[in-house]
Amino acid sequence: METLWFSLVAIMIAAYVVLDGFDLGAGIVHYCVARNEVERRLVLRSIGPVWDGNEVWLLAAGGTLYFAFPALYSAGFSGFYLPLMMVLWLLILRGVSIELRNHIDSPVWKPIWDAGFMVSGALLAVFFGAALGNVIRGVPLDASGKFFLPLWTDFGITGELGILDWYTVLVGVLAFTTLTMHGSLWLNLKTEGEMQARAARVARIAWGLTLVMTAVVTYVSFGVQPQIGENLAARPWGYVFPALALGGLTAAAAAARNARTAFLGSCAYIIGMLTSAVFGVYPMVLPARPVAAHSLTIYNAAAG
């Protein structure tokens, strides 16, 4: 039962990143893809019917954590209080930027909200990536299952930890390049003509950066979290998850030839990377560092 609920939470988080990820990515690249007012309205129109509905998956994942793994919910939402508040305000800024942009026809009003749309998308991508990096790296849980992290300390992964260090920043950069690629491929699918060509060009650049960052983050993750290698050695079938990510990234390179295949490949890549991370830390839901015995697992974090 614990594994089932762990899998359900992972599915909800993956669904959120795939679905809201192209919204965030569209915000990141809209200045590069859209060159005038008409094209910027097309970017917003492409995500308009779905962006707020996609966020429901994030709420569903949080609610499931509350009922299925209350110890994880308690520890995570208190320990990550500062970055969670920053994420909350960035989500508000993104929503306000989309909804208020067209309320006033002014040469000052619209650029302000366009900038908010881009900045909120970019920072959310980095913060979500850094959050994943913290879960893989581990946090300083004490014997009672509590912890607190400042935003940063000395950027090392030993000693006094912070939300941001060299590893979590690397994961944040990977998340940024991934969602940039994902959003570009979405616009490549939903637009035509010169705008579509620009989206494809941005997607190719983001694809190359994502390929490099994937290789770097994968390599260093095995050293940062030994549980990943142990799980793959004990359960070789788990290689299906990184294989899915690799296949999806390969398919995403087809932006200029087949927009739909490329976008679906990007979706598969994101799912493969997230499930690889989840498989890598299983059965832990929040690893502890430096005392591994304090880690929260699917067993000691589960509800009765």
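The side chain of Ser 295 places a polar atom 2.8 Å from the backbone nitrogen of Ala 288, a polar contact (a pair of N or O atoms within 3.5 Å; within protein, one must be able to donate a hydrogen and the other to accept it, and residues adjacent in sequence count only if both atoms are side-chain atoms). The structure is a predicted model, in which local features need pLDDT of at least 70 and side-chain atom pairs count only at pLDDT 80 or more, while totals for chains, interfaces and linings use all residues. Residues are numbered from 1 along each chain as its sequence is written, and side-chain values use heavy atoms, with hydrogens and water left out.

- Ser 295 belongs to the loop between β1 (284-286) and β2 (296-297); strands (E, at least two residues) and helices (H or I, at least four) are DSSP runs, numbered from the N terminus.
- Ser 295 counts as buried because its relative accessibility is 5%; buried means under 20% relative accessible area, exposed over 50%, and partly exposed in between (1.4 Å probe, protein chains only).
- Apart from neighbours within four places in sequence, the residues in contact with Ser 295 are Leu 141, Met 284, Leu 286, Pro 287, Ala 288 and Asn 300, where contact means heavy atoms within 4.5 Å.

**Salt bridges**

- The count comes to 10 salt bridges, each defined as a side-chain nitrogen of Lys or Arg within 4 Å of a carboxyl oxygen of Asp or Glu.
- One of them joins Arg 94 and Asp 20, with the closest N and O atoms 2.9 Å apart. This pair links distant parts of the chain, since Arg 94 lies in helix α6 (residues 81-100) and Asp 20 in helix α1, 74 residues apart. Arg 94 and Asp 20 are both buried.
- Glu 194 forms a salt bridge with Arg 198, at 3.8 Å between the closest N and O atoms. Both residues lie in helix α9 (residues 193-224), four residues apart, which is about one turn of the helix.
- Glu 194 also forms a salt bridge with Arg 201, at 3.4 Å between the closest N and O atoms.
- Glu 194 is partly exposed at 47% relative accessibility, Arg 201 is partly exposed at 38%, and Arg 198 is buried at 7%.
- A network of salt bridges links Glu 37, Arg 101, Asp 105, Lys 110 and Asp 114.

**Aromatic pairs**

- There are 15 aromatic pairs; rings of Phe, Tyr and Trp (its six-membered ring) pair if their centres lie within 6.5 Å, and planes under 30 degrees apart count as stacked, over 60 as edge-to-face and the rest as tilted.
- Tyr 73 and Phe 77 have ring centres 4.3 Å apart and planes at 25 degrees, so this pair is stacked. Both residues lie in helix α5 (residues 70-79), four residues apart, about one turn of the helix.
- Tyr 73 is partly exposed at 27% relative accessibility, and Phe 77 is partly exposed at 39%.
- Trp 237 and Phe 241 form an edge-to-face pair, at 6.1 Å centre to centre and 70 degrees between the planes. Trp 237 is exposed, with a relative accessible area of 56%.
- Ring pairs link Tyr 66, Phe 67, Tyr 73 and Phe 77 into a cluster.

**Ile 11**

- Ile 11 lies in helix α1 (residues 2-33).
- Ile 11 counts as exposed because its relative accessible area is 52%.
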